Amino acid sequence: GRFLTIYTPYTANISKKHLTCLEEYMKKTLLLTAFTVAALSSSALADSFGIRLGAPLGVQYTVDNGLGRGQDLRISGYVSPFFNVLIAGVQGDLLVDRPLGDNRDFSLFYGGGAHFNIVSSSGVSAFGLGIQGTGGISYRLDSSISLFADVSLGLDYYTGNIAGYSGIGPSYGGAIGINFRL
């Protein structure tokens, strides 16, 4: 999930204390994501590792058929810098994957999941929890590489007050990326 706010250049700089806190959180988030990826990759279900470009930037690990035939499990770690607002988090999705017609190279995917993140701006940090729906399309270039594009809409709850936004509010995201089969 992403933090929905209009950010302006008038927002004050992030304090060193909160930037250090965010850096520590990001290290822990990446460590947790790496641990999860390592645990999943040791199973026979492990499938692909991907890079996401968009809102948010990040990495993802997908287990094809991880929850049944045509039901994929995707775990993502991400960071989103917006002006002087930083967001870092972890997201998990259950995605249904369906080929488009007879062409097995193109497929649609859709589903939903949950996320946890931290937001820091102007010396203030907040934690967020949310749910989102996701949809997208993928194209398999060959047996080991595929391209994808996705969008997500959701609902977040944030503690604290970041850039004038707190409590419950909508979230959004979208990315293009590449997946590498393991």
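Does Arg140 count as buried, partly exposed or exposed? Arg140 counts as partly exposed, at 34% relative accessibility (buried is under 20% relative accessible area, exposed over 50%, partly exposed in between, with a 1.4 Å probe and protein chains only).

The model is predicted: local features need pLDDT of at least 70, side-chain atom pairs count only at pLDDT 80 or more, and totals for chains, interfaces and linings use all residues. Residues are numbered from 1 along each chain as its sequence is written, and side-chain values use heavy atoms, with hydrogens and water left out.

**Overall count**
- The whole structure holds six salt bridges (a side-chain nitrogen of Lys or Arg within 4 Å of a carboxyl oxygen of Asp or Glu).

**Arg181 and its partners**
- Arg181 forms a salt bridge with Asp47, at 2.1 Å from N to O.
- This pair links distant parts of the chain, 134 residues apart: Arg181 is in strand β8 (residues 165-181), Asp47 in the loop between α1 (16-41) and β1 (48-55). Helices (H or I, at least four residues) and strands (E, at least two) are DSSP runs, numbered from the N terminus.
- Arg181 is partly exposed at 39% relative accessibility, whereas Asp47 is buried at 8%.
- Arg181 also meets Asp64 in a salt bridge, at 3.3 Å from N to O.
- Asp64 is partly exposed, with a relative accessible area of 23%.

**Arg140 and Asp105**
- The closest N and O atoms of the salt bridge between Arg140 and Asp105 are 3.2 Å apart.
- Arg140 lies in strand β6 (residues 124-140) and Asp105 in strand β5 (residues 103-121), 35 residues apart.
- Asp105 is partly exposed, at 29%.
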